[in-house]
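Subject: A structure for you to look at

Hello! I am handing over the structure below, and after it comes a short tour of what turned up. Please keep it open while you read.

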Amino acid sequence: MLRNQKLAQALNIDPEAHKDDHIPYANETLKLFRESVKWAQVQEREFRVFAADPAEKRLRFKPMPTHQRAFVHALAEDFGFDSESMDPEPHRHVAVFKTPRFVMAPMKTLAECVRIRTSAEAASMTVTETQRKLQASNENYNGFLLSHPRFGLTIEEMRSDFASSLESTPGLAYDISFLPSEEIVIKAKPATSSTVISPSAVEATIKTLKAPIAATTSSKRLAASIQLCALDQSLNILRREVDDPALNGGWSQVAAKAAAPRTAPRQNAVGEKSVYTVLGSKLREAKKKKEEMKKAQEEVVDDWEEEMRKEEAAEEDAKLGPQTDVASPSADNGEQIGIASQQ
């Protein structure tokens, strides 16, 4: 670092002036660096150590594949070194030499320059996208865009349905096409090659046709929605009405609502049970019957056991019956004799 400062002073170079977005590496070097960042950072470190040591005049790398040798050659060129490939495969390697054109190692690392380049590309893309949107917002409408068309809808059917509206503009003809997004576009164009009509006039005509086109789309349920759009020659949509808050809504929303009507829920008449209520009642009745059958089976078992006990008791009483009959008269006679004696 101290050597770099001395060299900057000797060559009257202001280091602060180089702390900008300047990238001291070739595009090819950055491209190869992005392909293998970690490996390339190791090689860059070797270059910087070699550049910082004034006693070193040659740096030899170990054998490596062709694309890695290409990175080493590109980086050597950016540092101001000479490089040469030596020995045949598989021992071919790169040797780097310091030359009078070498001054100092670049102030920025490859990783820093990649970040700068990435940020610049992102900013450029943002600007390009903004410019594209601004350009698209200035494009005149030249067609209609139908979203979510009816299943099985054909171009011939649409030409027939829209014939009365489209034929009311004799200076224009219309192409109907299906897009890969399953949307349908109706693009206006001059009726003949000799017809000259300005884009603003086409847009004015398209706007006057929107009401009848939307009404037909709604009444015949051709699509869920319709809106104005700007198309290029390849049928790419440059601008659509939903991107324009001032024109959004209106017939497009009417057509969308009409194409997808809502069905009101059916109200049951007084005393009428819904299918869910009927099914629920049947299930409860079946469950109740099942419980009753189970209970009846249990009661049958209990009664059978009770009857068995009664039968056993009856049999025992039958066996003991004669003894009881003999003892009873004696007891009765005894009681009668006792009573007679008392008298």
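How many salt bridges does a search of the whole structure find? The search finds 11 salt bridges, a salt bridge being a side-chain nitrogen of Lys or Arg within 4 Å of a carboxyl oxygen of Asp or Glu.

Before we look at some of them, a word on the model. This is a predicted model, where local features need pLDDT of at least 70 and side-chain atom pairs count only at pLDDT 80 or more, while totals for chains, interfaces and linings use all residues. Residues are numbered from 1 along each chain as its sequence is written, and side-chain values use heavy atoms, with hydrogens and water left out.

**Salt bridges**

Let us begin with Arg101. The side chains of Glu77 and Arg101 meet in a salt bridge, at 3.4 Å from N to O. Glu77 is in helix H4 and Arg101 is in the loop between E3 and H5, so this pair ties together parts 24 residues apart in sequence.

Asp82 belongs to strand E2, so the pair with Arg101, in the loop between E3 and H5, ties together parts that are 19 residues apart in sequence.

The cut-offs are under 20% relative accessible area for buried, over 50% for exposed, and partly exposed in between, using a 1.4 Å probe and protein chains only.

Another salt bridge joins Glu183 and Arg240, with the closest N and O atoms 3.9 Å apart. Glu183 lies in the loop between strand E5 (172-178) and strand E6 (184-190), and Arg240 lies in strand E8, so the pair ties together parts 57 residues apart in sequence. Glu183 is buried, with a relative accessible area of 14%, whereas Arg240 counts as partly exposed at 23%.

**Sheet and strands**

Next, find the open sheet of 3 strands, which has the order E1-E3-E2 and antiparallel pairing. Two strands pair if DSSP finds at least two bridges between them. The edge strands, E1 (58-60) and E2 (82-86), each pair on one side only. From one strand to the next, the twist averages 20°. E1 and E3 (residues 93-97) are joined over 3 bridges, and Arg60 has Ala95 in E3 as its bridge partner.

Helix H4 (residues 66-79) packs on this sheet, touching E2 and E3, and its direction makes about 10° with that of E3. For such angles, axes are lines fitted to C-alpha atoms, for helices over the stretch in contact, and the angles run from 0 to 180 degrees between N-to-C directions.

Elsewhere, look at strand E7 (residues 223-231), where 9 of its 9 residues are buried. E7 runs antiparallel to strand E4 (residues 143-149), with 6 bridges between them, and Leu145 stands opposite Gln227 in E7. E7 is also antiparallel to E8 (residues 237-240), through 3 bridges, with Leu231 and Ile237 as bridge partners. The hairpin of E7 and E8 has 5 residues between the strands, and Leu235 there takes a positive phi near 65°.

**Cores**

Which residues have the most contacts inside the largest nonpolar core? They are Tyr25, Phe47, Phe79, Phe81 and Val96, in a core of 27 residues. A nonpolar core is a set of buried Ala, Val, Leu, Ile, Met, Phe, Trp, Tyr and Cys residues joined through side-chain atoms within 4.5 Å. Helix H2 (27-35), helix H3 (37-52), H4, E3 and helix H5 (110-137) each give two or more residues to this core. A second, separate core has 22 residues, including Tyr141, Tyr174, Ala188 and Ala214.

Gln43 counts as buried at 8% relative accessibility. Leaving aside neighbours within four places in sequence, Gln43 is in contact (heavy atoms within 4.5 Å) with Phe61 and Phe71.

Enjoy exploring!

Conventions. Helices (H or I, at least four residues) and strands (E, at least two) are DSSP runs, numbered from the N terminus.
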